[in-house]
Protein chains: 2
Amino acid sequence: MFDIQHFTQINPPHRLLMGPGPINADPRVLRAMASQLIGQYDPVMTGYMNEVMVLYRELFRTQNRWTMLVDGTSRSGIEAILLSAIRPGDKVLVPVFGRFGHLLCEIARRCRAEVHTIEVPWGEVFTPDQIEDAIKTVKPRLLLTVQGDTSTTMLQPLAELGEICRRHGVLFYTDATASFGGNVLETDAWGLDAVSAGLQKCLGGPSGSSPITLSAQMEEVIRRRKCVEEGIRTAEHQDGDDEMIYSNYFDLGMVMDYWGPERLNHHTEATSMLFAARECARIILEEGLDVGIARHELHGRALVAGIQGMGLETFGTLQHKMNNVLGVVIPSAVHGEEVRKMLLDDFHIEIGTSFGPLQGKIWRIGTMGYNARKDCVLQTLTALEAVLNRLGFKTTQGAAMQAAWDVYSQENR
Amino acid sequence: MFDIQHFTQINPPHRLLMGPGPINADPRVLRAMASQLIGQYDPVMTGYMNEVMVLYRELFRTQNRWTMLVDGTSRSGIEAILLSAIRPGDKVLVPVFGRFGHLLCEIARRCRAEVHTIEVPWGEVFTPDQIEDAIKTVKPRLLLTVQGDTSTTMLQPLAELGEICRRHGVLFYTDATASFGGNVLETDAWGLDAVSAGLQKCLGGPSGSSPITLSAQMEEVIRRRKCVEEGIRTAEHQDGDDEMIYSNYFDLGMVMDYWGPERLNHHTEATSMLFAARECARIILEEGLDVGIARHELHGRALVAGIQGMGLETFGTLQHKMNNVLGVVIPSAVHGEEVRKMLLDDFHIEIGTSFGPLQGKIWRIGTMGYNARKDCVLQTLTALEAVLNRLGFKTTQGAAMQAAWDVYSQENR
């Protein structure tokens with residue numbers, strides 16, 4: 001029997017979220033979300049939309065006009081770009097080095113692309129030569145990459161790929177969901193045609209809005225598939241020559257016309273999420289993007305030192321690790337899920353489990369966004385050590401803390 | 001030159017949003033959104049997800065197991081249902097009585113459906129016979145309806161359509177975005193196979209989350225198109241016999257597996273929007289769904305009395321008007337946009353303009369969700385009358401207020 005009295009007001013317990021994301025939101029972002037709504041064509045609202053475009057151009061390091069939000073989780077930004085750019089039958093190349101490479105294949109397949117992949121073992125990344133060789137063989141229309149794949153904690157170097165893509169006439173996309181804001185990303189300097197991200201990792205916000213940026217070349221590709229909605233079509237409108245985009249929600253031509261001066265009605269912008277996205281960007285740019293990335297690098301390094309000091313083994317090629325997440329090999333003497341449960345139940349600290357080939361083999365510990373902080377790293381290390389000791393795994397008592405502390409001392413932080 | 005100091009914290013002006021939506025969010029919903037985040041598989045989080053399913057079953061008046069949220073604006077819920085249910089080549093019938101009927105056609109076309117329509121002039125609705133006749137002729141697989149089309153303010157009666165659909169073996173969907181929570185909707189009693197909604201109208205929340213419900217029959221249709229994501233696929237998984245769903249984000253089979261006990265990772269649930277959706281439902285059910293609908297009816301009626309008392313003409317067949325929005329014919333003596341601008345600039349009250357054939361002909365005034373209140377109705381009427389008088393349009397001074405007040409007095413409200 002339904003009784004509304006059983007449903008009390010939202011009151012989540014305090015958690016320190018040190019997994020691969022989502023992480024705790026910056027309280028300033030949560031406060032921004034609590035602002036009252038305004039109408040979608042209110043000049044104040046369209047002003048905020050324009051500001052979001054300016055702020056994210058800074059974060060993406062781009063002059064791209066079309067830098068905006070897709071209303072949905074990070075995956076909505078990926079799908080909007082792929083559905084808008086890929087025509088059925090187009091060849092795409094996906095270098096897969098973890099789960100999110102498989103996701104790009106999966107989405108591209110749903111776009112009815114001809115999907116080609118190259119793979120390296122989980123824990124490694126590709127050299128530019130490996131990717132260029134594959135491009136020469138496959139001759140794809142698009143190269144779809146993941147910058148930081150949280151499933152393996154690896155960061156694919158992208159700096160040289162834009163030049164390769166240009167040489168071979170290939171459109172270049174990267175999914176920066178997990179890396180954005182905590183690792184260097186240079187949209188224009190690296191020749192990226194499209195990038196998508198999310199708020200819930202290094203940006204310190206909640207999931208539910210996906211910032212994207214599109215190059216002029218990508219805009220042109222999308223405009224060729226223009227198809228105006230019947231309910232708002234007038235005589236001036238003309239459709240493009242290419243096959244239409246098989247989604248209304250993810251038709252980025254329509255999303256551009258909504259964010260652009262035409263303000264053609266498409267969806268009703270998710271106002272509270274836009275407030276969140278704006279505040280995330282504002283906080284990062286107040287700190288300075290490079291300063292923030294250096295902060296992620298520092299706390300990532302302190303975490304590595306602490307984990308190694310504890311006598312635990314790290315996962316993957318450390319030189320290619322993302323700043324904001326670390327794979328830790330689960331010692332054979334303990335049960336990984338038991339450790340995670342004790343951390344959550346007794347310390348209210350969440351660390352991540354793993355997928356696929358790494359399931360049960362590594363934990364993933366994140367230090368990102370609002371939680372890329374000394375106190376978060378030190379609390380997580382002490383709690384983890386205490387839990388491991390409790391379960392009978394001997395660490396070099398206290399060494400983890402000292403090693404992490406040393407990293408901070410050397411930087412006077 | 002970019003300067004972060006130009007970007008101050010979010011500080012929207014107070015607005016009284018009396019258009020067709022979005023409207024002001026209930027402050028309790030905004031406070032719920034400001035709650036700190038928790039992990040997506042935290043037992044507290046999955047507990048909240050389960051509660052959301054229970055709460056929305058009450059709001060949709062259904063026993064449907066699959067009653068959940070799609071992460072995006074209202075349009076994302078529509079598209080998720082249409083993309084998941086419509087196989088390319090399927091015939092669909094859309095009775096169009098306003099802009100949002102055209103939107104269903106547009107989305108169905110993107111799903112590569114064979115789209116058939118019947119139309120009535122804007123301001124009218126269909127009889128069950130008109131719809132049954134079209135079903136007999138077209139023999140569609142799905143009937144796609146809009147319950148309340150804000151573009152015309154009309155509410156399509158749906159009660160008899162489920163029986164007709166069952167008789168002809170047709171799946172029955174309605175887009176209840178604009179009507180949900182402010183007008184009667186009986187998912188099970190009316191034989192609906194799928195319904196989608198949004199938070200930003202009568203539910204009193206922000207745009208960005210779309211509650212949906214699916215019948216067992218609809219589930220079966222979707223399960224026949226099952227296609228498991230490669231990155232998380234195991235040997236036990238089997239794909240369905242029907243053509244796959246051409247979207248990953250909107251594949252409701254995957255969304256079900258994420259909301260169900262399998263908790264198969266799909267997107268990262270938009271936690272703050274889920275908090276909002278839960279609080280919207282909780283507030284309505286504390287008041288009582290029927291009590292809330294009666295409140296919408298009362299304030300809608302008071303608004304009609306006030307507008308008529310002012311000597312203005314209402315739009316469309318009043319007996320089929322939605323409770324929560326009224327079309328008001330713009331008197332030829334004034335310029336509609338000038339009135340809207342004065343209301344916004346000088347009173348901070350927003351009323352709606354119109355689309356398509358009604359552009360420049362009617363205003364749309366909403367009384368919904370948190371703004372279905374006596375003070376909102378009376379303030380809007382006095383401000384509108386004052387603006388009209390200022391622009392030289394003579395009203396029967398004071399009669400509007402008295403007429404609306406009389407409605408409230410008769411009900412002792």
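This is a predicted model: local features need pLDDT of at least 70, side-chain atom pairs count only at pLDDT 80 or more; totals for chains, interfaces and linings use all residues.
The size of an interface is often given as the accessible area lost when the parts come together. For chain B and chain A, the buried area is about 7600 Å², and carbon and sulfur atoms account for 60% of this value. Within the share that chain B buries against chain A, 11% comes from Phe7(B), Ile10(B) and Arg110(B), more than from any other three residues. The contact involves 85 residues of chain B and 85 residues of chain A.

Polar interactions also link the two chains. Between chain B and chain A, 36 residue pairs are in polar contact, with both residues at pLDDT 80 or more. On the side of chain B that touches chain A, the elements giving two or more residues are helix 1 (27-33), helix 2 (43-60), helix 3 (74-85), helix 4 (99-110) and helix 9 (271-287) of chain B. Helix 9 of chain B makes the greatest contribution to this side, with 9 residues. By residue class, the side of chain B that touches chain A comprises 39 nonpolar, 25 polar and 21 charged residues.

Side chains of opposite charge can pair when their charged atoms come close. Over all chains, 54 salt bridges are counted, and the count between chain B and chain A is 4. One salt bridge joins the side chains of Asp42(A) and Arg15(B), at 2.5 Å from N to O. This pair crosses between chains: Asp42(A) belongs to the loop between helix 1 (27-33) and helix 2 (43-60) of chain A, whereas Arg15(B) belongs to the segment before strand 1 (16-17) of chain B.

Within chain B, strand 3 (residues 91-96) pairs with strand 4 (residues 114-119) in the parallel sense, over 6 bridges. Val94(B) has Thr117(B), in strand 4 of chain B, as its bridge partner. The path from strand 3 to strand 4 of chain B passes through helix 4 of chain B, forming a right-handed β-α-β crossover.

Backbone geometry was also examined. Most residues other than glycine have a negative phi, and most peptide bonds are trans. In chain A, the peptide bond from Gly21(A) to Pro22(A) is cis, with omega near 0°; Pro22(A) is located in the loop between strand 1 (16-17) and helix 1 of chain A. In chain B, Gly21(B) and Pro22(B) are joined by a cis peptide bond with omega about 0°, and Pro22(B) lies in the loop between strand 1 and helix 1 of chain B. Thr153(B), a residue other than glycine, has a positive phi near 75°. The loop that holds Thr153(B) runs between strand 6 (148-149) and strand 7 (154-155) of chain B.

Definitions and conventions:
Residues are numbered from 1 along each chain as its sequence is written. Chains are lettered from A and ligands numbered from 1 in the order in which they are written. Side-chain values use heavy atoms; hydrogens and water are left out. Contact means heavy atoms within 4.5 Å. Buried area is the accessible area (1.4 Å probe) that two parts lose on being put together, summed over both. A polar contact is a pair of N or O atoms within 3.5 Å; within protein, one must be able to donate a hydrogen and the other to accept it, and residues adjacent in sequence count only if both atoms are side-chain atoms. Helices (H or I, at least four residues) and strands (E, at least two) are DSSP runs, numbered from the N terminus. Ala, Val, Leu, Ile, Met, Phe, Trp, Tyr, Cys and Pro count as nonpolar, Asp, Glu, Lys and Arg as charged, and the others, Gly among them, as polar. Two strands pair if DSSP finds at least two bridges between them. A crossover is right-handed if, with the strands pointing away from the viewer, the path from the first strand over the helix to the second runs clockwise.
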